[in-house]
Amino acid sequence: MSPLKITARDATTGPVVEIIGELDYASATQLREQLAALSLQPGRRLVLDLGGMEFCDSSGITALLAARTQALAAQAEVALAAVPGNTMRVLRIVGLDQIFALYPDSDTATRA
């Protein structure tokens, strides 16, 4: 079991938030709080880099959806980068791959 670690950095397109460890019921609130502290600007893109995410349950998926809602409210975009295979499978099953922009890595997401 890996505790959640969240780091943020600025890119030319907007903030990049790296999520490492387990995004689950016990840690989803931490992600929501850290994302709420971000200043999202209209026309910018919030990139959630999931490359280091080891596990994501339904609470984690809900936190990702909350990030999307927050970005859209700020008239910004949201993208998921480096989505692990098991999480990508869940996103596809429930159709969320159709509402998130998906990129192979955060560098590609910040260039697009």
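A residue is called exposed when its relative accessible area is over 50% and buried when that value is under 20%. By this rule, helix 3 carries the exposed residues Gly85, Arg89, Arg92 and Ile93 on the face turned away from its buried side. The model described here is predicted.

**Helix 1**

- Helix 1 spans residues 28-36, and its buried residues are Ala28, Leu31 and Leu35.
- An α-helix has 3.6 residues a turn, so residues three or four places apart point the same way.
- Glu33 and Ala36 are exposed on the other side of helix 1.
- The cover over the buried residues of helix 1 includes strand 1 (5-11), strand 2 (14-23), strand 3 (45-56) and helix 2 (58-73).

**Helix 3**

- In helix 3, the buried residues are Thr87, Met88 and Leu91.
- Their arc around the axis is only 100°, which means that they are on the same side of helix 3.
- Strand 3, helix 2, strand 4 and strand 5 (101-103) are included in what covers these buried residues.
- Valine 90 also belongs to helix 3, and is partly exposed with a relative accessible area of 35%.
- Together with Ile93 and Val94, Val90 forms a nonpolar patch on the surface, and the three have about 270 Å² of accessible area together.
- After helix 3 comes glycine 95, which has a positive phi, near 85°.

**Nonpolar cores**

- In soluble globular proteins, nonpolar side chains tend to be buried together.
- The largest nonpolar core has 28 residues, and Leu31, Leu48 and Leu64 touch the most other members.
- At least two residues of this core come from each of strand 2, helix 1, strand 3, helix 2, strand 4 (77-81) and helix 3 (85-93).
- Another core, of seven residues, lies apart from the largest one, and Val16, Val47, Tyr103 and Ala109 are among its members.
- Leaving aside residues up to four places away in sequence, leucine 48 touches Val17, Ile19, Leu35, Leu64, Ala67, Val78, Ala79, Leu80 and Ala81.

**Salt bridge**

- There is one salt bridge in the structure.
- Its partners are glutamate 77 and arginine 45, whose closest N and O atoms are 2.9 Å apart.
- Glutamate 77 is in strand 4 and arginine 45 in strand 3, so the pair links distant parts of the chain, 32 residues apart.
- Glutamate 77 is partly exposed, at 41% relative accessibility, whereas arginine 45 is buried, at 10%.

**Positive phi outside glycine**

- Glutamine 75 is a residue other than glycine with a positive phi, near 60°.
- Glutamine 75 sits in the loop between helix 2 and strand 4, and its relative accessibility of 59% makes it exposed.
- Alanine 82, also a residue other than glycine, has a positive phi near 55°.
- Alanine 82 lies in the loop between strand 4 and helix 3, and is partly exposed with a relative accessible area of 22%.

Terms used: Residues are numbered from 1 along each chain as its sequence is written. This is a predicted model: local features need pLDDT of at least 70, side-chain atom pairs count only at pLDDT 80 or more; totals for chains, interfaces and linings use all residues. Side-chain values use heavy atoms; hydrogens and water are left out. Buried means under 20% relative accessible area, exposed over 50%, partly exposed in between (1.4 Å probe, protein chains only). Helices (H or I, at least four residues) and strands (E, at least two) are DSSP runs, numbered from the N terminus. Contact means heavy atoms within 4.5 Å. A nonpolar core is a set of buried Ala, Val, Leu, Ile, Met, Phe, Trp, Tyr and Cys residues joined through side-chain atoms within 4.5 Å. The arc is that of the directions from the helix axis to the C-beta atoms. Patches are made of residues with over 30% relative accessible area and no salt bridge: like charges are joined within 9 Å, nonpolar side chains (Val, Leu, Ile, Met, Phe, Trp, Tyr) within 5 Å. Accessible areas come from the Shrake-Rupley method with a 1.4 Å probe; for residues, only the protein chains shown count as cover. A salt bridge is a side-chain nitrogen of Lys or Arg within 4 Å of a carboxyl oxygen of Asp or Glu.
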